[in-house]
Amino acid sequence: MYHIALKMLIGDRAKYIMLIGGLTFAALLMTQQSAVFFGLLSWTTSHLRNMRAAIWVVDAKVEQVNEVKAMRDTDVSRVRSVTGVAWAVPLQAAILQSKLSDGNFKPIMIIGLDSTTLVGRPSRMIAGRLEDVRLPNSVIIDDLAVQRLSVGRPRPLQVGDTFEINDKEARIVGICKADRHFFGYPYVFTTYDQALQFSPKSRKMLSMVLAEPAPGWTAERAARQIEKETGFSQARGTGLRAFTEDEFFWSTIWWYFRNTGIPASFGTTILLGFFVGIAVCGQTFYSFVLENLKHLGALKAMGASNGLLSRMLMLQALTVGVIGYGIGVGLTVLFGLLVIGKGMPPFLMPWQLPVATFGVILVICVVAALLGIRKVWTLEPAVVFRG
Amino acid sequence: MTNGNNSNGNGHPLAVHVRRVTKTFGHGDAATHALKGVDFDARLGEMLLIVGPSGCGKTTLLSVIAGTLEFDGGEIDVFDTSLHGLRPRAVTEFRKRNVGFIFQQFNLIPTLNLIENVSVPLIINGIGRRAAEKKAAALLDELGLEGRGQDTPLNLSGGQQQRVAIARALVHEPRLIICDEPTSALDKETGTHIMELLRKVARKPDRCVIVVTHDNRIFKYADRMTEMEDGRVQRVHESFGHFEKRGDQ
């Protein structure tokens, strides 16, 4: 009877297309908006991927990776002295102004790395040599910087070119790939000392300390030890706060959940997709069942059981669900392919996302089918004898 | 309850035996007593007409005999099986094997072709799709619809659609054929053809055909005719129409 169920479904072209359209829209809206949301969230933690370190030590009041509360230079030594820490290096992260050829200014994210070890260095170089960043006034820029800072030049910036950071000349010795930052600022890597030269002077200049646990210590245990030995207290704002990479990631994500309207905004759109799916699919499928009630009644009179008719309706609902889901997710992937090269808008689709969307689409289809199944179960087969 | 070797006085075994059956729709002041203690018999090998004015309860009687509607009181035995007290699932099983339906509005599924429409009762009875469609195609040929098996019902005239409905009612060889106003949606000539066809292909010694109608043009095709009025059987015309003309056929 299942092929008959499918022919009944496909035969009603208008409702078939309407059902698939509704589910496609729901799947597209939920997956695409979620992917943009995840992409945006991934931007908030770009520091963690662009400067890999096992332990991130920050000011006691810092809650997320994009928040810089400057520390004293001596704090590097405090971290180095903690039991369970193999090594610790300073990191400078600051937003500075760079001057374009046409006279305009663009903000950049300057990252000052420990000049000896270059810990926190970019992992993917496109051009130039990483080691050259130790040369005077040298910087490595990311590909976004090439795009942003080349405005007004006859050709894009390349290795050997110079530009101004905070009225000081910077020479490009390398171009790297870096994950885009939440604020959209291009990354400019240099050594810690040179970063201090580019930055305006202030009493405290150290942004973070990157550390590695000693052999036999886990990052988590070493982080707790740093907090213990530096007298960390978030309430009093004393000592140093230490995060493992994973802790800092989630602390950052939850900070954006708590302190921005981004999750609520995207969540509303995603919920809208769900409810539109329920409404369109439920109503259309219910109307499909109502229109076929005489036929379903005839099948029931001929001996089709409630169970068989229910399975037929479930198959119909799931069929449009799978097709709608496939098209919706396919369009999302297409969208992703189109935007990923451009870098805007943010887009990240982990495998869990299409799986979750599939689950939600199944829920929509089951709800829609249950509306029809309820009608069929209460249907007297004698209805076929009434005009 | 079973009737064992129920038969009428003429030795024709009973197919349907109905006693004191009542059915009420609604409650209180809004209650409608559709059947008020109906006594009724239908025999194997006959085509029986149930006639009467609109609202007299003939379709309700047909529905309870077919097992598509529960009745409130009394007894109904169909082929020695009492429908009273049977679980709904058992009634459905019984109906699936023993009852074929011909409806006033044909009730063919418009998105299926004729072969698929006719094969539905076989598939419901667990016959494989290929075998069911083969048998359905053969029956359509027998009923004068050769080469039309792939058409959809919408491409057929009313008479042709009713032929398909007859094929669908007969394809699984049920012993009871229930026809609800089979000619009321057809013109006189087509209605006559349909009744002749029904008499020819549906009526068999081991089968009972019950037709509800108020189309007096088809009375002549009945072996017997039961007249209903106000929820009761008023009269039974024995040896009616063809039955009278063709002896014990």
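The following legends describe close-up views of a predicted model.

Residues are numbered from 1 along each chain as its sequence is written, while chains are lettered from A and ligands numbered from 1 in the order in which they are written. Because the model is predicted, local features need pLDDT of at least 70 and side-chain atom pairs count only at pLDDT 80 or more, whereas totals for chains, interfaces and linings use all residues.

**Figure 1. Confidence along chain A.** The mean pLDDT of chain A is 87, and 99% of its residues reach 70 or more; pLDDT is the predictor's confidence in each residue, from 0 to 100. Helices (H or I, at least four residues) and strands (E, at least two) are DSSP runs, numbered from the N terminus.

**Figure 2. The contact between chain A and chain B.** In this view, 21 residues of chain A are in contact with 23 residues of chain B; two residues are in contact if their C-beta atoms, placed from the backbone, lie within 7 Å. On the side of chain A that touches chain B, the elements giving two or more residues are helix 1 (2-11) and helix 10 (293-301) of chain A. The residues of that side comprise 12 nonpolar, five polar and four charged. Here Ala, Val, Leu, Ile, Met, Phe, Trp, Tyr, Cys and Pro count as nonpolar, Asp, Glu, Lys and Arg as charged, and the others, Gly among them, as polar.

**Figure 3. The two sides of helix 8 of chain A.** The 15 residues of helix 8 (residues 245-259) of chain A should span 21 Å at 1.5 Å a residue, and the end C-alpha atoms are 21 Å apart, which agrees; the expected span is 1.5 Å times one less than the number of residues. A:Phe248, A:Phe249 and A:Thr252 are buried in this helix. They lie on the same side of helix 8 of chain A, because they cover an arc of only 105 degrees around the axis; the arc is that of the directions from the helix axis to the C-beta atoms. The face turned away from the buried side carries the exposed residues A:Asp246 and A:Arg258. A residue is buried if 20 or more other C-beta atoms lie within 10 Å of its own, exposed if 12 or fewer, and partly exposed in between, with C-beta atoms placed from the backbone. The cover over the buried residues includes helix 2 (13-44), helix 3 (46-50), strand 1 (55-59) and strand 10 (240-244) of chain A.

**Figure 4. Helix 7 of chain A and its packing.** A:Ala219, A:Ala222, A:Ala223, A:Ile226 and A:Glu227 are the buried residues of helix 7 (residues 219-229) of chain A. Their arc around the axis is only 140 degrees, which puts them on the same side of helix 7 of chain A. These buried residues pack against strand 1, helix 4 (75-80), strand 2, strand 9 (208-213) and strand 10 of chain A. A:Gly231, whose phi is positive, near 70 degrees, follows the helix.

**Figure 5. The surroundings of A:Val209.** A:Val209 is found in strand 9 of chain A and counts as buried, with 26 C-beta neighbours inside 10 Å. Beyond its neighbours within four places in sequence, A:Val209 is in contact with A:Val57, A:Asp75, A:Val76, A:Val79, A:Ala88, A:Pro90 and A:Leu91. A:Pro90 is also the bridge partner of A:Val209, and six bridges join strand 2 of chain A to strand 9 of chain A, which run antiparallel. Two strands pair if DSSP finds at least two bridges between them.

**Figure 6. Strand 6 of chain A between its partners.** Strand 6 (residues 162-165) of chain A has A:Phe163 and A:Ile165 on a covered face and A:Thr162 and A:Glu164 on an uncovered one. Strand 2 (residues 85-99) of chain A pairs with strand 6 of chain A in the antiparallel sense over two bridges; A:Lys99 stands opposite A:Glu164, and A:Ser98 opposite A:Ile165. Four bridges join strand 6 of chain A to the antiparallel strand 7 (residues 168-177) of chain A, where A:Arg171 is the bridge partner of A:Thr162. The hairpin of strand 6 and strand 7 of chain A has two residues between the strands, and A:Asn166 takes a positive phi near 50 degrees.
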